[in-house]
Amino acid sequence: MTRRILISVFLLGAAAGLAHGETVAVRGDWVYPGNGPAIPDGVVLIENGKVVRVGPAGEVAIPAGVQVYSGAVVTPGLIDAHATLGTSGIMNSNAAQGASGQDQDQLETSGPIQPELRAVDAYNAREELVDWARSLGVTTAHTGHGPGALVSGQTAIVKLRGNTVDEALFDPERPVEMIAMTLGTSVIRNFRSPGSRPKAIAMVRAELLKARAYAEKRKNADVEKRPGRDLKMEILADLLDKKIRALVTAQTATDILGAIRLGQEFGYDWVLDGAADAHQLLAEIKAAGVPVLLHPTMTRAVGDLKNASFTTAAKLAEAGIPFALQSGFEGYVPKTRLVLFEAAMLVAHGMSTERALQTITADAAKILRIDGRVGSLAAGKDADLVIFDGDPFEYTSHVCGVLIDGVAVREQCR
Amino acid sequence: MKSLRIAVGLLAAGLAGASPGRAEEAVAFRGATVYPVAGPRIPNATLVVSGGKVVAVGPTDAVVIPPGAVVHDLTGRVVIPGLVDTHTHLSGAGGADQSTALDPTVRQIDGVDIRSPQFLKALSGGITTVNQMSGSGHLMSGQTVYLKLRRAGTRVEDWLLCADPAKDVCGGMKMANGTNSMGDPPFPGSRAKSAALARDLFIKAQEYQKKVKAAGKDAGKLPDRDLGMDALVEILEGRRIVHFHSHRHDDILTAVRLGKEFGFTPVIHHGSESGRVAAELAAAGVPVSLTVVDSPGGKEEALHVRWENAKELRDAGVAVAINTDDWITDSRLLLRSAAYTVRAGLSPEEALLALTLAPARMLGLGDRVGSLEPGKDADFVVLSGEPFAVRSLVQETWVEGKKVFDRTEPADLLVADGGTGAFDGIGEVHLDGEDGR
């Protein structure tokens, strides 16, 4: 595809890349703000990388001289609520398994509990799949360590921009978003111990009990009595002190209930991830008050995910459980999924375009607690937008433009 | 159009007149938009089926429905031929083992469990004919088997498209090159070695073939029977098709070169970089069955996989099919895979051809399946809308005039949409990447 979005400049203006600080307008036959009904012939006005006005063209005048991007449909930048983008690369090359290269940094198998592993030390902003996801509308991703260990490491939220992790971080002050935990068969297969589900839970509990003691000690008024630094304990103590949350991947009903039990015992904030059997436990999940980052809609229905259903999202919606979609982790071909396509499956199975779009925009932002800045198009929000040449969820439509912080990062159709 | 009307009328009338008993079993499907693939789209069409075969298809006002035929009203629906999947690994039949890199003796027919819910999964995606393949970790991983997903039956024999598996050619031969088939000896350690091992085997087959020919009717002069050589001679004689897993552009040309040397035309499978050698493939008359995925990568060979391959091959004049390679893609979503080639430049008609008649021809079954025309198997799919629209769902799948998937049946819906118990009983499947690495 070499078609480009229609770019018009009302007066003389720079034809190529926009510098931060300029005024830009985006106009769509339909503008989906992400948190309300679509606006026909809508305009999004952008200044200094932020949205300043959104409304019908009749109400929002486009100032003379500004660059205008236009297309059939405009949506907020898509949010991938849980990915391994930038940490699990396109080559699928794992030196620990004998490969000549190494681009699989989402999982370390030297030990089952390693919360000290940081996302910032793993994320490659120039990874090819980051560009692939961006070309298909993803502007923000919650990524980092993946599933497969009791505690595999930390996650972070990034914008799909920049050449370094520092440029990519959604909030430079917040390099740690969650601790990635997994309960289920994969952990049992990846490690000699735990060798069973009860052992897995026992190991996590033991570690959290230690962390609880550490958290108490580090609050000691007497600096001398505080414990020495311990990377593992520091981050787990942050979890128990609710500075960060846990992302607990659990697919089977047993594992989901185990995750709920752990959360209740230790009282930390957490997000249920995967949740293939969620349709069996709607009441329990709702009672636990935990949001769900649902497995990719089209995930392969095998192993712990064998009960996965295209209709789970609709059931979560009906039950009033907050949820968002994700690309998750892929260990072979294709190397990543795209949330745009995963959400399209919800439309295929009867969900409205607006509601399905929310699962990869506004709802994802809310669960990730970044809705103050992204996930919808409103004054004051980051100017992250996607321009389509048709219904965003039709397979045969194209993403023809992507803006992040008001800057066009993609102008070709795919 | 007039001649079509007469021909259809005569055919239907002849059928009704000749045998009232057969006319009674005729079934007509009226009112749908039909894509026969053999011809242009027909709005408000009528399809008449009898004895498992299509007997008539055309505009409703031009098709005579035999007296006594059961009539189904499909107004508002869209009907397409049953999809033909040239490359699937449903039911996990396995294939060659680690004892050799080239094993023409092993047959998929000896490993298929037709009771696996995986086959209902394929039917729920509109797939009615499959080429059940062994894996790609070998240069030659064995004989594939072509199956009609008839749903009823207890033995794999009930689903074959051949009459006698002991005598007939019931499938193709799976070959591969590139990195998948490399390993420690006896597996090759390089591309050139891969080609040399394959050539060596085909030369042996040529010699075996010569001995058989020289023996003529003198049984005493026949070489000792060799199962592998028998299958390879079928390839040399053009009776067994080679299905060649090949991704990188140069590996694809190596497969073409091998075919040229030994006088066969392979079907290239996956073809991740086939667009790069489209002109060469066109010149050699080699077709390509693409696996269409959501992103590139996952292994070195798939770094450059692109949706545009289909268009580039079409532009060059190469026959294109689209396969599932299930579990790489989900058999329920084959229409969706093809839609991405429309996204990247194919017309919907071309994409539909790539799911039906084109793959049927790649299996040597083009005279029997892949399009809706009189005399062909009555395999078709009833959709709720246009084939490549996101909101279109498979409502019914029919094989040889029998309904084998119905979205309104709870057991069928469970497999179509997934859910508790949908895939129980498929055995322990362990996939690459399932453990998060």
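**View 1. A:Thr254 is an exposed residue, with a relative accessible area of 51%.** The model is predicted. A:Thr254 sits in helix α6 of chain A, which covers residues 253-266. The cut-off for exposed is over 50%, so A:Thr254, at 51%, counts as exposed. A:Leu209 gives a distance for orientation: its C-alpha atom and that of A:Thr254 are separated by 22 Å. Along the chain, the two residues are 45 residues apart.

**View 2. Chain A and chain B bury about 4600 Å² between them.** Carbon and sulfur atoms account for 56% of that buried area. Three residues, A:Arg189, A:Tyr332 and A:Tyr395, supply 16% of the area that chain A buries against chain B. The contact draws 56 residues from chain A. Chain B brings 49 residues to it.

**View 3. The interface of chain A and chain B holds 24 residue pairs in polar contact, both residues at pLDDT 80 or more.** On the side of chain A that touches chain B, the elements giving two or more residues are α1 (128-135), α3 (185-190) and α9 (339-348) of chain A. Of these, α9(A) gives the most, with seven residues. By residue type, this side of chain A divides into 27 nonpolar, 20 polar and nine charged. Three salt bridges also cross the interface.

View 4. A:Glu394 lies in the loop between β14 (385-388) and β15 (399-404) of chain A. Is A:Glu394 buried or exposed? Its relative accessibility is 17%, so A:Glu394 counts as buried. The side chain of A:Glu394 also reaches a backbone atom of chain B: the nitrogen of B:Val390, at 2.9 Å. Leaving out residues up to four places away in sequence, A:Glu394 touches B:Arg343, B:Phe388, B:Ala389, B:Val390 and B:Arg391.

**View 5. A:Asp405 and A:Lys159 form a salt bridge within chain A.** Their closest N and O atoms are 2.7 Å apart. The pair links distant parts of the chain, 246 residues apart. A:Asp405 is in the loop between β15 and β16 (407-410) of chain A, while A:Lys159 is in strand β8, residues 151-159. Both partners fall below the 20% cut-off for buried. A:Asp405 has 11% relative accessibility, so it counts as buried. A:Lys159 has 0%, so A:Lys159 counts as buried too.

**View 6. B:Asp250 and B:Arg248 meet in a salt bridge in chain B.** The closest N and O atoms are 2.7 Å apart. B:Asp250 has a relative accessible area of 24% and is therefore partly exposed. B:Arg248, at 25% relative accessibility, also counts as partly exposed. In chain A, salt bridges that share partners build one network from A:Lys50, A:Lys159, A:Arg161, A:Arg373, A:Asp382, A:Asp384 and A:Asp405.

**View 7. B:Asp230 and B:Arg225 form another salt bridge in chain B.** The N to O distance between the side chains is 2.6 Å. B:Arg225 has 65% relative accessibility, so B:Arg225 counts as exposed. Over all chains, the structure holds 60 salt bridges.

**View 8. The largest nonpolar core has 190 residues.** Which residues have the most contacts inside this core? They are A:Leu160, A:Tyr268, B:Leu147, B:Phe202 and B:Leu281. The largest share, nine residues, comes from α9(A). Among the residues that B:Leu147 touches, beyond those up to four places away in sequence, are B:Val112, B:Phe119, B:Val130, B:Val156, B:Trp159, B:Leu160 and B:Leu161. B:Leu147 also touches B:Thr128, B:Thr129 and B:Gln132. Another core lies apart from the largest one and has 17 residues, including B:Val49, B:Leu74, B:Val79 and B:Val382.

**View 9. Helix α12 of chain B, residues 410-417, has four named buried residues: B:Asp412, B:Val415, B:Ala416 and B:Asp417.** The elements that cover them include α3 (117-124) and β17 (402-406) of chain B. B:Gly418 follows α12(B). The phi of B:Gly418 is positive, near 85°.

Terms used: Residues are numbered from 1 along each chain as its sequence is written. Chains are lettered from A and ligands numbered from 1 in the order in which they are written. This is a predicted model: local features need pLDDT of at least 70, side-chain atom pairs count only at pLDDT 80 or more; totals for chains, interfaces and linings use all residues. Side-chain values use heavy atoms; hydrogens and water are left out. Contact means heavy atoms within 4.5 Å. Buried area is the accessible area (1.4 Å probe) that two parts lose on being put together, summed over both. A salt bridge is a side-chain nitrogen of Lys or Arg within 4 Å of a carboxyl oxygen of Asp or Glu. A polar contact is a pair of N or O atoms within 3.5 Å; within protein, one must be able to donate a hydrogen and the other to accept it, and residues adjacent in sequence count only if both atoms are side-chain atoms. Ala, Val, Leu, Ile, Met, Phe, Trp, Tyr, Cys and Pro count as nonpolar, Asp, Glu, Lys and Arg as charged, and the others, Gly among them, as polar. Buried means under 20% relative accessible area, exposed over 50%, partly exposed in between (1.4 Å probe, protein chains only). A nonpolar core is a set of buried Ala, Val, Leu, Ile, Met, Phe, Trp, Tyr and Cys residues joined through side-chain atoms within 4.5 Å.
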